[in-house]
Amino acid sequence: NNLEKQKSAAELKKEKYLEKVNSLKKLVKNIGTKEELNRITAIGALIETTNFISLKPDRKKMLKENMIWCNKIYKRYLNEN
């Protein structure tokens, strides 16, 4: 039962991250740079291939850094419009 709760929480977190990345991707597609779009696409692929249940510290750090970058870009473009 506890393992099921962990799996469910991990899946929810993964879905939340993907949702944020996809929202940013739509925004950047219209007004961002090609480099930003490529990085966002790569971040989405990283999230999709990551097992959130057994997240290793290096992968966790990489995800966190990339999500911070995504939030920064999102806020910047949101403030420009």
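The model is predicted: local features require pLDDT of at least 70, side-chain atom pairs count only at pLDDT 80 or more, and totals for chains, interfaces and linings use all residues. Residues are numbered from 1 along each chain as its sequence is written, and side-chain values use heavy atoms, with hydrogens and water left out.

The secondary structure comprises 3 helices and 0 strands. Along the sequence, the pattern reads α-α-α. Helices (H or I, at least four residues) and strands (E, at least two) are DSSP runs, numbered from the N terminus. Helix α1 covers residues 2–31, helix α2 covers 34–48, and helix α3 covers 57–80. Taken along the principal axes, the C-alpha atoms fill a box of roughly 45 × 20 × 15 Å.

The chain has 81 residues, and 28% of them are buried. Here buried means under 20% relative accessible area, exposed over 50%, and partly exposed in between (1.4 Å probe, protein chains only). The areas come from the Shrake-Rupley method with a 1.4 Å probe; for residues, only the protein chains shown count as cover.

The largest nonpolar core contains 18 residues. A nonpolar core is a set of buried Ala, Val, Leu, Ile, Met, Phe, Trp, Tyr and Cys residues joined through side-chain atoms within 4.5 Å. Val-21 and Ile-47 have the most contacts inside the largest core. Helices α1, α2 and α3 each supply at least two residues of this core. The greatest share comes from α1, with 7 residues. In soluble globular proteins, nonpolar side chains tend to be buried together.

Leu-24 lies in α1. Its relative accessible area is 1%, so Leu-24 is buried. The C-alpha atoms of Leu-24 and Leu-37 are separated by 8.9 Å, and the two residues are 13 residues apart along the chain. Ala-10 is also found in α1. Ala-10 has a relative accessible area of 9% and is therefore buried.

The structure holds 2 salt bridges. A salt bridge is a side-chain nitrogen of Lys or Arg within 4 Å of a carboxyl oxygen of Asp or Glu. One joins Glu-36 and Arg-76, with the closest N and O atoms 2.6 Å apart. Glu-36 lies in helix α2 and Arg-76 in helix α3, so this pair ties together parts that are 40 residues apart in sequence. Glu-36 is buried, at 10% relative accessibility. Arg-76 is partly exposed, at 36%.

Glu-65 forms a salt bridge with Lys-61. Here the closest N and O atoms are 4.0 Å apart. Glu-65 and Lys-61 are 4 residues apart in helix α3, so about one helical turn separates them. Glu-65 is partly exposed, with a relative accessible area of 45%. Lys-61 counts as exposed, at 54%.

Positive charge gathers in a surface patch made of Lys-13, Lys-16, Lys-20, Lys-60 and Lys-64. Patches are made of residues with over 30% relative accessible area and no salt bridge; like charges are joined within 9 Å, and nonpolar side chains (Val, Leu, Ile, Met, Phe, Trp, Tyr) within 5 Å. Lys and Arg count as positive and Asp and Glu as negative, while His and the chain ends are not counted. The place of a charge is taken as NZ of Lys, CZ of Arg, CG of Asp or CD of Glu. Helices α1 and α3 each supply at least two residues of the positive patch. Helix α1 gives the most, with 3 residues. Lys-60 belongs to helix α3. With a relative accessible area of 52%, Lys-60 is exposed.

Lys-29 provides another exposed position in helix α1. Its relative accessibility is 63%. Lys-29 and Tyr-77 are 48 residues apart in sequence. Their C-alpha atoms are 11 Å apart in space.
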